[in-house]
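How can a reader new to this structure find a way through its helices? Please look at the model first, and then follow the paragraphs below.

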Amino acid sequence: MPEQSPQPAVTPRFRPVLDRFAPYKPGKKPSAQDGPGYKLSSNESPYGPLPSVAAAIAAAAGSANRYPDNNAVELTEAIAARHGVPAAHVAVGCGSVGLVQQLLEAVCDPGAEVLYAWRSFEAYPYLADLAGGTSVRVPLRGEGHDLDAMAAAITPATRLIFVCTPNNPTGTIVDRGELGRFLDQVPADCLVVLDEAYVQYVRDPAAPDGVEMYRDRPNVAVLRTFSKAYGLAGLRVGYLIGPEPVAAAARKTMLTFTVSTVAQAAAIASLAAESELMERVDAVVAERQRVRDALLAMGWAVPPTEANFVWLRLGADTVNFAAACDRAGISTRPFADEGVRVSIGEVAANDVFLEVAQAYPGRA
Ligand SMILES: *Cc1c(COP(=O)(O)O)cnc(C)c1O
């Protein structure tokens with residue numbers, strides 16, 4: 001083996017903003033030595049692709065020598081038809097995270113402020129930083145958005161507001177009426193993005209439907225994804241529905257060919273199989289209810305959740321509790337000193353989680 005050359009005194013120069021980023025930590029795999037091990041750390045679907053979707057994936061793989069359709073015409077039309085909107089109001093991306101980045105790239109000139117609740121989805125601060133935006137974070141009130149405080153935090157420099165409903169990681173929704181009153185206060189030249197990654201799991205009738213709310217509001221757009229309820233997290237495809245100029249801006253900033261041929265085919269097949277997929281979503285919702293009820297009966301405080309996860313605000317106990325789950329073969333998503341987010345998985349996984357919660361001393 002050649003000898004390692006000595007460390008050079010000067011390294012390539014990177015943007016200082018990168019110093020703020022911790023290296024990406026993927027959702028943990030369970031590390032217990034015995035037992036099956038369950039991954040409840042990334043809010044994935046516990047189900048593999050439906051046979052019809054797997055067949056579409058296999059068929060699309062046969063044309064992997066060709067570039068994807070950069071305009072994703074067939075998928076865009078399928079999404080538009082599904083929601084009853086013009087195809088010009090749809091933009092696709094590499095997951096809805098891809099669209100978060102596309103939108104930030106589209107609005108962030110130097111000095112642009114990006115407003116969101118905190119804690120919320122971790123991609124917002126990181127991608128806002130990367131785009132050169134200035135994050136303005138408004139603390140949650142209880143476990144939900146404080147829309148009054150967010151309205152008060154708007155300045156002439158605010159270019160983009162994220163409203164994550166249900167909120168990751170707390171699971172709470174914003175109330176439709178409150179959201180409407182909030183949107184009335186946002187200046188027309190400031191974009192509001194409703195991140196509805198978990199919308200298929202929502203059962204509370206007070207929840208907003210972003211696709212309805214955007215229709216008469218030229219500065220509102222919605223993000224949806226195939227990653228969660230549709231079970232395609234590994235294929236990376238999400239979409240935006242919004243007014244034509246917003247969708248057009250998101251298309252301009254998309255990395256060329258970012259949604260693969262296989263991802264497009266899988267998404268189209270998933271829309272065709274939607275009723276079958278929604279049966280699975282119903283099963284997860286039933287499990288969510290069972291898990292939350294069991295936790296409440298044990299004396300845990302669990303905010304109402306409309307997503308496929310529960311949130312335990314454990315504070316200083318967070319890392320301890322996550323370690324106890326880990327020893328039992330369950331990986332979770334701890335946010336040190338704040339709380340633990342635990343995805344709803346298969347019944348057996350949820351049972352193991354509930355056993356850990358039952359045995360844990362000094363429940364929250
Ligand atoms: C999981 C998640 C997404 C979706 O990510 P993809 O890039 O579509 O996989 C978007 N927003 C929130 C709040 C999420 O939790």
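This is a predicted model: local features need pLDDT of at least 70, side-chain atom pairs count only at pLDDT 80 or more; totals for chains, interfaces and linings use all residues.

Residues are numbered from 1 along each chain as its sequence is written, and side-chain values use heavy atoms, with hydrogens and water left out.

Helices here are DSSP runs of H or I with at least four residues, numbered from the N terminus. Helix α1 (residues 51-61) and helix α9 (residues 261-272) have axes, lines fitted to C-alpha atoms over the stretch in contact, that come within 8 Å and cross at roughly 155°. Because of this angle, α1 is roughly antiparallel to α9, a term for angles over 145 degrees. On the α1 side the contact (heavy atoms within 4.5 Å) includes S52, V53 and A56, and on the α9 side it includes T261, V262 and A265. By class, this contact has nine nonpolar, three polar and no charged residues.

Helix α10 (residues 274-298) packs with helix α12 (residues 347-359) at an angle of about 10°, their axes being 10 Å apart, which means that α10 is roughly parallel to α12, as angles under 35 degrees are called. Among the residues that meet are E287, R290 and V291 in α10 and V347, N350 and D351 in α12.

Helix α3 (residues 95-107) has 13 residues and reaches 19 Å from its first C-alpha to its last, close to the 18 Å expected at 1.5 Å a residue.

How values were computed:
Axes are lines fitted to C-alpha atoms, for helices over the stretch in contact, and angles run from 0 to 180 degrees between N-to-C directions. Helices (H or I, at least four residues) and strands (E, at least two) are DSSP runs, numbered from the N terminus. Angles under 35 degrees count as roughly parallel, over 145 as roughly antiparallel, 65 to 115 as roughly perpendicular and the rest as oblique. Ala, Val, Leu, Ile, Met, Phe, Trp, Tyr, Cys and Pro count as nonpolar, Asp, Glu, Lys and Arg as charged, and the others, Gly among them, as polar. The expected span of a helix is 1.5 Å times one less than its number of residues.
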